[in-house]
Amino acid sequence: MHTKLNMENQKTQTIILELKEEAKQSLERPLFEYFMEEPRRVETMSVSAPFIYADFSKNLLSSKTFQKLCLIPLTLQIDEKIKKMFGGDDINTTEIRPALHTLLRRIETPSSPALVSKHALCVKALRQLESITREIVEGKKKSAFGERITDVVSIGIGGSHLGPKLVLDALRKKTSELNIHFLENADQNEIARVLNVLEPRNTLFLVASKSFSTGETLLNANEAKKWLSQSHPCPKELNQSFIGITNNSLAANAFGISNENILPLWDWVGGRFSVWSAIGLPIALGRGMTTFYEFLAGAEEMDDHFLNSPVNNNLPIILALLSFWNHNCLGAESYAVVPYCDNLRFLPSYLQQLEMESNGKSITIDGNEASYNTAPITWGGVGTASQHAFFQLLHQGTRMIPVDFILPLQTGDFDQELEHYRVANCLAQSETLMLGNKRKNTKPEKRLTGSRPSTTLMMDNLSPRALGALLSLYEHKTETLGFLWNINSFDQWGVENGKNAATRIMQGLNSKDYSGHDQSTSSLMRKYVERIVKDEKE
């Protein structure tokens, strides 16, 4: 890590230099020694937040180093940046707009006059969401065929897809007879897999796109329209089988969705932070509005914790600081998220987008090249299956890879022995990562070095409130890291450039014009078109 981490004041630079020296020492000593030297280590390196208890004592730093790490947010006045975010300042500096996803789950009207009107929009949208949910569930809202809706297909990608999919799967107790499906990829194989088992007369499509211009989403929406048109005699009435969730109602109208079937989004809510908005309609339809409100309430409780807790007791900030330590001081390049609960099997994918799209940046807010690493590679899988996949690398590989273990203690009315097995395996993995296996006479190939860092997030259960708090926790960890690295966590220009390049290549494939691209891409385009022509002739 470069010694000057976009931090102008000398005090911060001095702390960073001291931390780098302490990191060298930490890499040279066994992790278990910290426990021998610090009798109260677990007490001083654990914290309780809404619905979540975090034990971070198995990280590779002393409690004194941790206290020094906690000075960085103070010297950088991170609390002021957090307040500006909650207060509606334009912290998305490249698009000159606020990032007010936290307003979506706020119950009480804010005192700030600047937020009152936006909060009123949030409340109005929630009421509309509730009304549409009730009409669909009760059978009052019919499909374009005049039939009761039994299946709902949510068409979206990225932030318009990953959040609702995760939450629906995590909260598996259904409260309605509706079946919720997801269509994400612009891939005929996925389109066929989703649609071939459905009945057009009973299917409703949700088209979720803030701009209503996302290529994959519009392609799939048009395929859905074609699919319905094959059965419906009057395509003009297909509007009744579509609901739009967007900030661009005119584009949704042009597609054929009338205003009464459009739920709003706003430019001050980023896609990867939007599960709390109308993007969460699949959650309300599949699990009920009461569940959705509970989900929002849990997130708001974590918001309050983040906004009001001191640094050394603030779980989102602590997770951010541990990430900063592991990746910028110790040199780790990635970290694994391993929930020991099948209900959270989609969490690693959700966090991949949240963290890597938010903080995968190399340009600072000042417009300079970052001279240090920003977002680590986020990956993972569900335990205990992961133990038979990538845990070999975690234990004996050449790279140090920190792990977040997520452990709900009660996941249902299940066999206690099986629950003991699940919990025991989670705790065993974190213990073994720390202690290793260096007993005398152990063969070299069986030795585990240990001293591999991990954090355990323990939850009493996986209630809607607890799940809301968990997702809010990782949002705020991500934002804090952006503040530490002095980058904008709320834009994604790399994604936008990729979309533009795909549009140009699509035009070239249709016109058979391969110019304007590099030699490799032009050659691949030509080979693809030649193969298509060959197949047509055959």
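Which residue in β4 is the bridge partner of valine 152? I looked this up and found isoleucine 180.

I noted the basis before going further. The model is predicted, so I kept local features only at pLDDT of at least 70 and side-chain atom pairs only at pLDDT 80 or more, while totals for chains, interfaces and linings use all residues. Residues are numbered from 1 along each chain as its sequence is written, and side-chain values use heavy atoms, without hydrogens and water.

Entry on β3 and β4. I read helices (H or I, at least four residues) and strands (E, at least two) as DSSP runs numbered from the N terminus. Strands β3 (residues 151-155) and β4 (residues 179-183) run parallel and are joined by five bridges. From β3 the chain passes through helix α8 (residues 162-170) to β4 in a right-handed β-α-β crossover; with the strands pointing away from the viewer, the path from the first strand over the helix to the second runs clockwise.

Entry on the six-stranded sheet. I traced an open sheet of mixed pairing in the order β1-β2-β11-β10-β8-β9; two strands pair if DSSP finds at least two bridges between them. Its edge strands are β1 (46-49) and β9 (377-380). Strand β8 (residues 334-339) pairs with β9 in the parallel sense over four bridges, and serine 334 has isoleucine 377 as its bridge partner in β9.

Entry on the helices. Helix α17 (residues 416-435) lies across β10 (403-410) and β11 (454-461). Helix α18 (residues 464-485) packs on the sheet and touches β2 (52-55), β8, β10 and β11, contact being heavy atoms within 4.5 Å.

Definitions and conventions. Axes fitted to C-alpha atoms, helices over the stretch in contact; angles between N-to-C directions.
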